Amino acid sequence: MPALPAPDSMDAAPAAASAGPAFSPLYRQIKALLVKSLNSGEWKPGELIPSEQELASRFGVSQGTVRKAIDEMAMENLLTRRQGRGTFVATHTEQNIQYRFLRLAPDKGPASGMARHFMDCRRMRAPAEVARALELKPGDSVLQIHRTLSRMGRPVVLDEIWLPAAPFKGLTAERLAQYAGPMYGLFETEFGVRMIRAEEKIRAVTADARTAEILQVAIGAPLLNVERLSHTYHDKPVELRRGWYDTSAHYYRNELN
């Protein structure tokens, strides 16, 4: 990867003058180069990245600039700092990361993972609204997955998951069920797709007959409907998920900073 054209001692003042409103701070430029390396697979999930000194030499900037870029990437869960060991590419297999997209917690007892049951995994033509959300062409092939999440033997969540078929060639319900870790961990290790961020829409709904039967609630029971669009590097959408949550003994937890 080429170094930036100007050394850090010059900082970014000349670039700022010429770039106008589109100017990006130098550390953000370094961050973009680091993300490009992550996206290309130069450093894989769980791997140690070069030291700040090595990266500073590589890009022709100061260690402080590199550190600022890495700090921001760590805050976004792209990288993980480990005291005395260095900085690693974050992975969904890590305990503190693997459940960060699951916001449902029990009213009583500690929050923990839930038992999964994959009902099906089917390939089909993308419905129009799914194609739009995943930025696919009309009629492109997608995978539709249905699964439940249960706690203490009772289903709590029904998920309908849509994925573009091309990056997930060979994915089946059996393969999903056999993987011991979180589903995003499978996507990351087996298919090279890492979920970086997600945006959600939440609505209060009532259970229709099919959902009521699966979640073992009465028809018309109140549910929380969560529609999530997850993105990988460069803000590319790679998963549309619609979940129906039984919140009679659980609540949706979020932390606002």
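A nonpolar core is a set of buried Ala, Val, Leu, Ile, Met, Phe, Trp, Tyr and Cys residues joined through side-chain atoms within 4.5 Å. The structure described here is a predicted model.

The largest nonpolar core of this model has 21 residues, and Ile30, Leu34 and Leu55 touch the most other members. Helices H2, H3 and H4 are the elements that give two or more residues to this core. Helix H2 gives the most, with 6 residues. Leaving aside residues up to four places away in sequence, Leu55 touches Leu34, Trp43, Ile49, Pro50, Val66 and Ile70. Another core, of 20 residues, lies apart from this one and includes Phe168, Phe187, Val193 and Val238.

The model also contains an open sheet of 6 strands with antiparallel pairing, in the order S4-S5-S6-S9-S8-S7. Strands S4 and S7 stand at the edges; each has a single partner strand, so one side of each is left without a neighbour in the sheet. On average, neighbouring strands of this sheet are turned by 15° against each other, direction ignored. In general, strands of a sheet pair through backbone hydrogen bonds, either parallel or antiparallel. Here, S4 and S5 pair in the antiparallel sense over 10 bridges, and Arg116 stands opposite Leu149 in S5.

Helix H8 lies across S4, S5, S6, S8 and S9, and runs at about 160° to S9.

| S4 | 115-125 |
| S5 | 141-151 |
| S6 | 154-164 |
| S7 | 197-206 |
| S8 | 222-232 |
| S9 | 236-245 |

Notes:
Residues numbered from 1 in each chain as written. Predicted model: local features only at pLDDT ≥ 70, side-chain atom pairs only at ≥ 80, totals over all residues. Heavy atoms only, no water. Pairing = 2+ DSSP bridges. Helix = DSSP H or I, 4+ residues; strand = E, 2+ residues; numbered from the N terminus. Axes fitted to C-alpha atoms, helices over the stretch in contact; angles between N-to-C directions. Contact = heavy atoms within 4.5 Å. Buried < 20%, exposed > 50% of the residue type's maximum accessible area, 1.4 Å probe, protein only.
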